[in-house]
Amino acid sequence: MKTRKLGQDLTVSAVGLGCMGMSFAYGAADEQESIRTLHRAVDLGVSFFDTAEVYGPYENEILLGKALKDVRDKVTIATKFGFRIATGKSTSETIVGIDGRPENAKAVAEASLKRLGTDVIDLYYQHRVDPAVPIEETVGAMADLVREGKVRTLGLSEASAATIRRAHAVHPIAAVQSEYSLWTRDPESEVLDTCRELGIGFVPYSPLGRGMLTGAIRTLDDLGENDFRRNLPRFQAENLNANAALVETLAGIAASKSVTAAQLALAWVLHQGDFIVPIPGARKLNHLEQNVAAAGIALSTEDLATLGEVLSPTRVAGKRYSEASLALTNR
Ligand SMILES: NC(=O)c1ccc[n+]([C@@H]2O[C@H](COP(=O)([O-])OP(=O)(O)OC[C@H]3O[C@@H](n4cnc5c(N)ncnc54)[C@H](OP(=O)(O)O)[C@@H]3O)[C@@H](O)[C@H]2O)c1
């Protein structure tokens, strides 16, 4: 597996593993299968694992702590704080606000360290920028955690270019994590250039369009009753139909290259810059194996342009989040 750098201090596999779906958002998951997938990822050279306090909530960090205990020194674990969390409810009801207060950044880090069973968090992200707390105060507290040896590097998720600059002036930011894929291009307007300029790594989340770009989701019946994607505009029946037609074209191009649609979608993201490290989510072994192999796919400039056009923002039907969730992003 090739490696890439995130900021000055982190070197990770070119493709990471998003672990959210193993405990959260996408319906029932099989813990034994998740653990097998985590172990196989390590065997395949994946060294970058993504979790968060809110996934579960809490359970995903516990799962990673358990599964990665014996290989802790070989892997980079990223986790996140910053949502106000209500437990015991559905995925959509779990997130009840944002909490970027310095005391929350510190308290969650202590709790995450315990759940992960480790003495240091390799990459600690603020999950959402809190409009009620100046970013300098939040990042100041995160920087204290670095000085105390509890956290190695810092990150932000869904932060605007202006916020990234302000944060980076307080303490070097190693990585910015935001949604980025063939069907979500928002970071192209400013954030990618800002990261490139400041030497910050960029971590695209949902690089497979929450599964849509794999071709596996054609109708709502392909999603379980409690699947969070049912709340997203792009997965509402009419939009889903229109988007499935775009993905069919993607799948056709993939077949002509003897790869899968998922692999082509990941290869496109990987070609957008060597400071970019996607974290596709996979609970299933065969999905993980396919995604890891995407790191070896070469695409020409012409291929990239064609793919960019097939799923251009003007063609995709529906916004990436509900208005309420979009309001939590820092635009
Ligand atoms: N910072 C944030 O706010 C934020 C938000 C969302 C996600 N994330 C992070 O980003 C990670 C990835 O995002 P995501 O999980 O939302 O979406 P994704 O990576 O775009 O898609 C994941 C979905 O695709 C399926 N899949 C994966 N590889 C496949 C393949 N080769 N063929 C067919 N299907 C495949 C998975 O199925 P199986 O699981 O069944 O294998 C899962 O349903 C998350 O795990 C999380 O760590 C961060």
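Predicted model: local features only at pLDDT ≥ 70, side-chain atom pairs only at ≥ 80, totals over all residues.
Buried here means under 20% relative accessible area and exposed means over 50%, with partly exposed in between (1.4 Å probe, protein chains only). Residues are numbered from 1 along each chain as its sequence is written, and side-chain values use heavy atoms, with hydrogens and water left out.

**Salt bridges**

- Take a salt bridge as a side-chain nitrogen of Lys or Arg within 4 Å of a carboxyl oxygen of Asp or Glu, and the count comes to 22.
- Helices (H or I, at least four residues) and strands (E, at least two) are DSSP runs, numbered from the N terminus.

**Within one helix: Arg147 and Asp144**

- Arg147 pairs with Asp144 in a salt bridge, and their closest N and O atoms are 2.7 Å apart.
- Both sit in helix H5 (residues 135–147), and because they are 3 residues apart there, about one helical turn separates them.
- Arg147 is exposed, with 61% relative accessible area.

**Between two helices: Arg165 and Glu197**

- Arg165 makes a salt bridge to Glu197, with 2.8 Å between the closest N and O atoms.
- Arg165 belongs to helix H6 (residues 161–170) and Glu197 to helix H7 (residues 191–198), so this pair ties together parts that are 32 residues apart in sequence.
- Arg165 is partly exposed at 38% relative accessibility, whereas Glu197 is exposed at 55%.

**Between two loops: Arg320 and Asp186**

- Arg320 bridges to Asp186, the closest N and O atoms being 3.5 Å apart.
- These are distant parts of the chain, 134 residues apart: Arg320 is in the loop between helix H11 (301–310) and helix H12 (323–326), and Asp186 is in the loop between strand S10 (173–179) and H7.
- Arg320 is buried, at 8% relative accessible area, while Asp186 is partly exposed at 45%.
- Through shared partners, salt bridges join Glu158, Glu179, Asp186 and Arg320 into one network.

- The Gly56 to Pro57 peptide bond is cis, with omega near -10 degrees, and Pro57 falls in the loop between strand S4 (48–50) and helix H2 (59–67).
- Ser206, not a glycine, has a positive phi near 45 degrees; this residue is in the loop between strand S11 (201–205) and helix H8 (237–256) and is buried at 12% relative accessible area.
- Arg210 also has a positive phi, near 55 degrees, in the loop between S11 and H8, and is buried at 7%.
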